[in-house]
Amino acid sequence: MASPTVARAPSAGRTPGRGRTVAAALGLLVLSFGALVVTVSYLLDDPEGQRLDQAAMEAVYARREALDQLLSVLGYLSIGTMAAAILVLVAMAVLRQRYAAAIGAVVVVAGANITTQVLKHAVLERPDHGYGWHVNSLPSGHTTAAISLVVAALLVAPVAVRGLVVLAGSCAVVLTGVSTVVAGWHRPSDVVAALAVGLFWGAAVVLVLALRRGGPSAGTFFTSLLLALIGAAVAGAVLLVVGVRPDGGWSGFAPAAAVMALIGAATALTVAVFDRVSSVFAR
C-alpha cells in the first residue's frame, strides 16, 4: 500500500509575504533616496532648477491676517509637541503588545528629524546662482516633523483606523508644507525633500520589521491613494478659505495651482505608498 502523502509544514524561518514586503521596502529605500538625490541635484545645485524653485515659492502668498493664522499653526510643531505625540503612539502600541512597532515609530521620528537637521546644516550647501537667499533650507524641518509622525502613526495603527490616519495625515502634511512655502520659510523642493527623508526612514524600519514578520497587506493601494488625495484636497480647500492666493491675481492662478497640486500629490503618494507597505504589520 502506498504511503500517505503528508503535507509539509512551512519552516519556522519562513513567513508568508515576507519576501514581498522586504522587496517593497528595499524598493522604497531606493526610490526615496533617488528622489532626494534628484531634488538636490536639480532644484538645489542647478541654476535653472533654482530659478524654477524660487518662482514656485513666489507663486503663492497670503495676506497678513491669513499668514498669522498659518504661522500660529506651524508654531504647534515643536519638539515638545512631537515628544507628546510619539509618547501617545508608543503607549497605543505597547497596550496592544506591539513592541517592535513602538520602537520602530520612535526610530522613524528620531531618525528622520535628525537626518533633516544634519543635511540642512552640515551636509548640503546652496550655491548662489542669484535666485533668492543662498542659505540652504532643504529639507524642511516642519514638513519632516509632520510626515515622520504620520509614518510613525501608520506603523502602530490598527486596521480599523488606518484610513482615518491616511486621510488626516495627508491633510496635516499638506497644510504644513504649503504653509512653510507661503510663509517664505521654504521652497517647494524643501517640502519634497522632507517627504523623501520621512519615507526613507519608514522604509528602513519596515525592512527591519519584515525580516522578523510578514503577512498579507490590508486594504488596497487605490483606497489608500484615494483617501490621501481627499485629505490633500481638504487641506487645499482650508488654505484657500484661510486666504492663500496666487501671486499676481488670476494671471498667476496656473503656477500657484501647480505648486499646491505638486505638494498635494507628492504627499498623497508618499502616505499611500507607505500605508500599503506597512499594512502587513497592522492588526
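This is a predicted model: local features need pLDDT of at least 70, side-chain atom pairs count only at pLDDT 80 or more; totals for chains, interfaces and linings use all residues.
In what follows, Ala, Val, Leu, Ile, Met, Phe, Trp, Tyr, Cys and Pro count as nonpolar, Asp, Glu, Lys and Arg as charged, and the others, Gly among them, as polar.

I begin with the second largest pocket, which holds about 300 Å³ of space. Of its 16 lining residues, Gly-236, Leu-240, Ala-256, Ala-257 and Met-260 come closest to the centre. Helix 9, strand 2 (244–246) and helix 10 (253–278) each give two or more residues to this lining, and helix 10 gives the most, with seven. By class, the lining comprises 13 nonpolar residues, two polar and one charged.

The largest pocket has a volume of about 540 Å³. It is lined by 27 residues, of which Leu-77, Ala-146, Leu-149, Ala-168 and Ala-172 are the closest to its centre. Here 22 residues are nonpolar and five polar, with no charged residue. Helix 7 (162–182) contributes the most to the lining, namely eight residues. Among the other elements supplying at least two residues are helix 3 (64–74) and helix 4.

Let me turn to helix 4. Which of its residues are buried? They are Met-82, Ile-86, Leu-89 and Ala-93. Because these residues cover an arc of only 60° around the axis, they lie on the same side of helix 4. The cover over them includes helix 5 (99–123) and helix 6 (141–156). The face turned away from the buried side carries Leu-87 and Leu-95, both exposed. After helix 4 comes Gln-97, with a positive phi near 60°.

Technical notes: Residues are numbered from 1 along each chain as its sequence is written. Side-chain values use heavy atoms; hydrogens and water are left out. Buried means under 20% relative accessible area, exposed over 50%, partly exposed in between (1.4 Å probe, protein chains only). Helices (H or I, at least four residues) and strands (E, at least two) are DSSP runs, numbered from the N terminus. The arc is that of the directions from the helix axis to the C-beta atoms. Contact means heavy atoms within 4.5 Å. On a 1 Å grid over the protein atoms alone, a cavity is a set of points where a 1.4 Å probe fits but cannot get out, and a pocket is an open set with protein on both sides within 12 Å along at least five of seven lines; lining residues have an atom within 4 Å of a point. Grid points are joined across faces, edges and corners, and a volume is the space filled by probe spheres set on the points.
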